[in-house]
Amino acid sequence: MLLRPSPRITTFLFSVLALLAFAANSILARLALGSGEIDAAGFTMVRLLSAIVMLTILLSVKHQSHSIRAVKAKSSWFSALMLFIYACSFSFAYISLDTATGALVLFAAVQITMVIKNHLQGNR
């Protein structure tokens, strides 16, 4: 019989994983943009195109495993525009910011956005 971790441990582990992903994202962006092998616009395009490919794969797998229910994606042009602005800002900022500052700004911006969105929706 498998033991399930407590919700607190699970939350802690996922939080650590998210923080490590943010840090790794910053380091990889610095490595890609710092060497001059690719410019910020090209880097943004690679990131967005790879995200499209990955989401398409995930949705097709989800659709096959849940063939009874149709997969409905909630989408909006506003969300797509915000993602594009985020990706461009991130790429161009990493040309002039050092890695630690960029990671801090990125993490803070994401957290502030989530708090404001929840507040506007009436959540505590």
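Which residues make up the largest nonpolar core?

## Basis of the model

This is a predicted model, in which local features need pLDDT of at least 70 and side-chain atom pairs count only at pLDDT 80 or more, while totals for chains, interfaces and linings use all residues. Residues are numbered from 1 along each chain as its sequence is written, and side-chain values use heavy atoms, with hydrogens and water left out.

## The nonpolar core

The largest nonpolar core has 6 residues in all, namely Ala29, Leu33, Phe43, Phe90, Tyr94 and Leu106. Such a core is a set of buried Ala, Val, Leu, Ile, Met, Phe, Trp, Tyr and Cys residues joined through side-chain atoms within 4.5 Å, where buried means under 20% relative accessible area, exposed over 50% and partly exposed in between, with a 1.4 Å probe and protein chains only. Two or more residues of this core come from each of α1 (7–34) and α3 (77–96); helices (H or I, at least four residues) are DSSP runs numbered from the N terminus.

Leaving aside neighbours within four places in sequence, Leu33 is in contact (heavy atoms within 4.5 Å) with Ile38, Asp39, Ala40, Phe43, Ser91 and Tyr94.

## Ser91 in helix α3

Ser91, which is placed in helix α3, counts as buried because its relative accessibility is 0%. Its side chain makes a polar contact with the side chain of Thr44 at 2.8 Å, and the side chain of Ser91 also reaches the backbone oxygen of Ala87 at 3.1 Å. A polar contact is a pair of N or O atoms within 3.5 Å; within protein, one must be able to donate a hydrogen and the other to accept it, and residues adjacent in sequence count only if both atoms are side-chain atoms. Beyond its neighbours within four places in sequence, Ser91 is in contact with Leu33, Ala40, Phe43 and Thr44.

A pocket is an open set of points on a 1 Å grid over the protein atoms alone, where a 1.4 Å probe fits, with protein on both sides within 12 Å along at least five of seven lines, and lining residues have an atom within 4 Å of a point. Helix α3 gives the most to the lining of the largest pocket, with 9 residues.

The second largest pocket, with about 250 Å³ of space, is lined by Leu48, Ala51, Ile52, Leu55, Thr56, Leu59, Ala80 and Leu83. The largest share of this lining, 6 residues, comes from α2.

Terms used
Grid points are joined across faces, edges and corners, and a volume is the space filled by probe spheres set on the points.
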